[in-house]
Amino acid sequence: MPAGPPCPSSIPTYYLLTLHIIGGISIPINLIGFYLVWFQSPKMQGYKYCLCYLQLVSFIAEIEMIFICPAFYFFPLIGGFNVGADIIANNISSHHTMTLYVFVFTFELPSTLLCFIFRHNAAGKVDQKCFSSKYLKKFSLVLAHFLPFVTAFCFWNSRLTAKERMDLVMNNWPQCAHWLKFPAFEVYDYHLNPWLAVVGIGAFFVLFMVFSYCIFLGVQTLLILQQHRKSMSRQTYQAHKNALFSLVMQIVLPGVFIVVPLCICMFVVVQGDVHLQEFATDTMFFVSSHSMCSCIIMIISNPKYRSVLRKKILRILGISAKSKSNRRRGNTVLPSQPRIQ
């Protein structure tokens with residue numbers, strides 16, 4: 001049977017090219033972000049390690065998605081084809097690379113939680129009376145760091161046997177049968193293997209619990225800062241507020257780049273609309289750029305980073321702030337001074 005929706009006869013050339021362009025832009029931006037956090041954050045003390053942890057995990061997940069496991073999905077069929085380099089696609093199964101991606105990607109949850117706990121602890125030093133359970137924080141961190149291992153284990157077990165894959169495709173998607181001969185093609189089904197449902201339901205439940213706790217910590221941190229604003233120096237208050245604002249923006253806006261595409265893909269799978277296959281797959285461009293978006297927001301929302309980056313750019317262009325100020329001063333007409341007799 002000839003190929004037809006949702007399985008194309010060949011993978012569009014623009015798909016991998018677009019992913020590589022995103023990766024080429026993301027790598028230098030992330031390197032700049034690492035430099036700013038590590039070398040230009042002397043007053044952040046331990047918080048810079050939390051930021052590096054968060055940025056490193058999202059960066060590795062992005063690189064894995066772009067270069068190691070750049071999958072072209074065949075929604076509403078839960079499956080796809082690894083369009084990465086032949087040396088990877090032909091020697092490492094798509095299921096293995098996808099399991100690795102799930103493992104790395106879910107580490108973004110504990111790294112986010114760690115940042116919010118650190119900001120809450122920093123604000124808690126100002127108010128000793130605030131509710132702060134060390135045991136609850138430690139338990140939530142352990143639970144969140146346990147999630148990637150459990151998720152990867154469940155996803156690893158969600159693979160179908162060769163016969164199950166063949167029967168699933170031939171009975172439901174015969175137009176996709178020719179893709180079965182490629183090792184880089186993989187397909188899943190939660191009816192045949194419930195482990196896939198365990199991954200989705202379990203991950204959603206833990207995600208909801210952890211992010212609810214992050215919201216609680218963020219709101220309480222803000223309330224503490226507002227209550228003790230008068231007893232804090234303006235500089236200290238602004239530093240705490242800027243760090244919290246930057247963290248929230250660093251999570252919320254890139255989170256949109258993940259949640260919205262996943263919702264679109266889920267809609268296509270549930271509705272079974274084969275004509276939206278390519279549109280749903282192309283939303284992965286946003287997911288593959290969430291680390292770059294997070295890094296840009298971190299730089300823009302931090303006055304210190306903006307200042308350092310601006311000076312570095314001016315220095316590279318051969319323009320110094322001193323020469324700029326001298327030029328302004330030279331263009332200014334000074335008032336004549338009265339002559340002293």
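Me: What makes two aromatic rings a pair here?
Reply: Rings of Phe, Tyr and Trp (its six-membered ring) pair if their centres lie within 6.5 Å, and planes under 30 degrees apart count as stacked, over 60 as edge-to-face and the rest as tilted. Ring pairs of this kind link Tyr15, Phe72, Phe74, Phe81, Trp179, Phe182, Phe185 and Phe285 into a cluster. This is a predicted model, in which local features need pLDDT of at least 70 and side-chain atom pairs count only at pLDDT 80 or more, while totals for chains, interfaces and linings use all residues. Residues are numbered from 1 along each chain as its sequence is written, and side-chain values use heavy atoms, with hydrogens and water left out.

Me: How many aromatic pairs does the structure hold, and why is the pair of tyrosine 15 and phenylalanine 72 called edge-to-face?
Reply: The structure holds 21 aromatic pairs. The ring centres of tyrosine 15 and phenylalanine 72 are 5.0 Å apart and their planes stand at 90°, so this pair is edge-to-face.

Me: Why is tyrosine 15 called buried?
Reply: Buried means under 20% relative accessible area, exposed over 50% and partly exposed in between (1.4 Å probe, protein chains only); tyrosine 15 has 1%, so tyrosine 15 is buried. Phenylalanine 72 also has a relative accessible area of 1% and is therefore buried.

Me: What makes phenylalanine 81 and phenylalanine 182 an edge-to-face pair?
Reply: Their ring centres are 5.8 Å apart and their planes are at 80°, so the pair is edge-to-face.

Me: Is phenylalanine 182 buried or partly exposed?
Reply: Phenylalanine 182 has 32% relative accessibility and therefore counts as partly exposed, whereas phenylalanine 81, at 14%, counts as buried.
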